[in-house]
Amino acid sequence: MTKQDDKKARQAAAQQAARRRTRVIMILAVFAVVVIAGVAVWAAKRPQSNPSAAMPAGVNSDGGVPVGTAASPIVDVFEDFQCPICKGFEDNVAPTLDQMVEAGQIKQVYHIMSFLDINLKNDSSKRAANAAGCAQDQGLFFEYHNEVFANQPATEGAGYTDDQLIQFAETVGIPDMNRFKQCVANDTFGNWVTQMEINSENRQVTGTPTLMVNGKVVDWSQASTWNGVLTAVQEAIAAAQ
Amino acid sequence: MMNTERTQWLSTVVRVALAGIMLWAGLAKLLEPDQALRAVQAYRIFSSSIDDIVAIGLPIVEITVGVLLLLGLGTRFAAWVTAGLMVLFIAGVASAWIRGLSIDCGCFGGGGDVPSAGRVGRYLTEIGRDLVFMALAVWLIRFPSSRLSLDRLTDDIAVEIGEDVTNPDETDESS
């Protein structure tokens with residue numbers, strides 16, 4: 001190798017290193033821009049916790065709606081008004097639980113979730129949840145909740161109209177219908193609905209229906225029928241008593 | 001040796017296609033962060049705090065790689081990252097499958113727990129799709145040099161200033 005060749009090679013190597021450096025800087029620049037823009041979009045899109053949100057009368061500090069007078073065991077029920085499996089649960093398992101609540105054997109706490117709005121591309125879960133809050137504000141959450149599930153549309157995603165939500169309230173006998181209608185129209189407890197969703201997610205609830213007995217998720221994954229689910233729930237409650 | 005020019009144009013097509021896939025996957029997650037978080041949680045692989053980081057970090061990585069592929073900047077590097085992501089995705093779906101979870105992969109937004117009907121078919125489809133994407137990435141790792149790319153532009157500039165550029169197919173310029 002001549003001296004000139006050697007110099008040329010070193011020059012080429014230096015240029016190549018410079019080019020690689022430029023490229024790495026450009027890649028890092030793209031990455032930095034995406035990180036900044038991505039975090040900004042993420043922060044804007046994530047629902048904000050708003051602990052000072054208006055809550056319906058008588059709900060727990062985490063937004064859950066307590067039903068029943070027993071002190072324990074506490075059965076947390078996570079449901080979405082648009083979830084067809086929740087309706088199956090309501091039809092087949094909930095009546096037994098309701099009897100246990102009635103008999104003072106358990107205390108139920110309802111957590112109404114609203115994530116199906118995203119899957120179903122509507123806002124019915126949130127509006128129905130708000131309406132249930134409006135009913136709770138007048139002391140009739142449980143009755144209203146049952147009425148909504150009883151009238152869940154056969155087609156998942158058909159949703160609920162405001163007129164339907166008001167009709168349900170008339171059926172269950174909400175005392176002050178004007179107040180209820182305003183509550184629905186103004187989305188009065190919208191922040192409460194968001195808060196309940198966030199709190200449920202923070203408890204690792206990713207699907208509905210989910211049941212917890214004294215904070216422990218009831219595993220019914222092995223059950224193939226609603227009777228099997230009911231048995232699993234009853235066993236979990238018996239173990240906690 | 002294949003016809004270099006044809007290979008380079010083919011690499012351009014593969015690069016842009018893969019860029020579209022990664023951008024779509026990343027943007028869908030970023031624009032529905034609640035859904036993305038739910039999808040990550042549904043895999044039940046990470047703890048709650050890590051789920052948050054994955055749900056924001058994954059779309060950022062996907063979009064970055066998508067932009068790099070679209071620009072043809074650091075093509076081979078971006079292709080390696082893509083292939084690595086696909087390995088992780090396949091592992092994630094396979095682990096959900098093995099554990100008997102019934103979830104939607106959340107690959108292009110969406111995701112979360114879903115009814116278990118048709119579960120096996122869905123998991124197979126998801127894994128098969130990831131394998132196809134991985135094949136595209138492997139092509140780009142093998143043939144990173146493509147037309148209409150920033151990588152090539154910098155090489156062209158290098159040629160103009162009299163630098164000796166060896167066959168780009170054989171060099172590791174883009175990494």
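Trainee: Let me begin with one residue. Is Ala54(A) buried, partly exposed or exposed, and why?
Mentor: This is a predicted model, so the answer rests on computed positions. Ala54(A) counts as partly exposed because 13 other C-beta atoms lie within 10 Å.

Trainee: Where does Ala54(A) lie in the chain?
Mentor: Ala54(A) belongs to the loop that links helix 1 (3-45) to strand 1 (65-67) of chain A.

Trainee: Which residues does Ala54(A) contact, its neighbours within four places in sequence aside?
Mentor: Its contacts are then Thr188(A), Phe189(A), Asn191(A) and Trp192(A). With Thr188(A), the separation is 134 residues in sequence, while the C-alpha atoms are 7.3 Å apart in space.

Trainee: And for chain A as a whole, what share of the contacts with a separation of 6 or more comes from residues 24 or more positions apart?
Mentor: Such pairs account for 77% of those contacts in chain A.

Trainee: How many helices and strands does chain A have?
Mentor: Chain A has 10 helices and five strands. Of its 241 residues, 37% are buried.

Trainee: In what order do the strands of the sheet in chain A run?
Mentor: The order is 1-3-2-4-5, in an open sheet of five strands with mixed pairing. Strand 1 and strand 5 (216-217) of chain A are the edge strands, each pairing on one side only.

Trainee: Then what about strand 2 of chain A: mostly covered or mostly open?
Mentor: Strand 2 of chain A, residues 74-80, is mostly covered, with six of its seven residues buried. Strand 2 runs parallel to strand 3 (residues 107-113) of chain A, and seven bridges join the two.

Trainee: How does strand 2 of chain A pair with strand 4 of chain A, parallel or antiparallel?
Mentor: That pairing is antiparallel, over four bridges, and strand 4 of chain A covers residues 210-213.

Trainee: Let me change topic to chain B. How do helix 4 and helix 5 of chain B cross?
Mentor: Helix 4 (residues 75-98) and helix 5 (residues 119-142) of chain B have axes that come within 8 Å and cross at roughly 165 degrees. That angle is why helix 4 of chain B is described as roughly antiparallel to helix 5 of chain B. The crossing is left-handed.

Trainee: Which residues meet there?
Mentor: Helix 4 of chain B contributes residues including Trp80(B), Met86(B), Phe89(B) and Trp97(B), and helix 5 of chain B contributes residues including Tyr123(B), Phe133(B), Met134(B) and Ile141(B). By class, the contact has 17 nonpolar, two polar and three charged residues.

Trainee: Finally, how many residues does each chain give to the contact between chain A and chain B?
Mentor: Chain B gives 27 residues and chain A gives 25 residues.

Trainee: Which helix of chain B supplies the largest share of the side that touches chain A?
Mentor: Helix 3 of chain B does, with eight residues. Elements that each supply at least two residues to that side include helix 1 (4-31) and helix 6 (150-160) of chain B. By class, the side of chain B that touches chain A has 13 nonpolar, eight polar and six charged residues.

How values were computed
Residues numbered from 1 in each chain as written. Chains lettered and ligands numbered in written order. Predicted model: local features only at pLDDT ≥ 70, side-chain atom pairs only at ≥ 80, totals over all residues. Buried ≥ 20, exposed ≤ 12 C-beta atoms within 10 Å, placed from the backbone. Pairing = 2+ DSSP bridges. Contact = placed C-beta atoms within 7 Å. Nonpolar A, V, L, I, M, F, W, Y, C, P; charged D, E, K, R; others polar. Axes fitted to C-alpha atoms, helices over the stretch in contact; angles between N-to-C directions. Parallel < 35°, antiparallel > 145°, perpendicular 65-115°, else oblique. Left-handed = near helix turned anticlockwise from the far one by under 90°.
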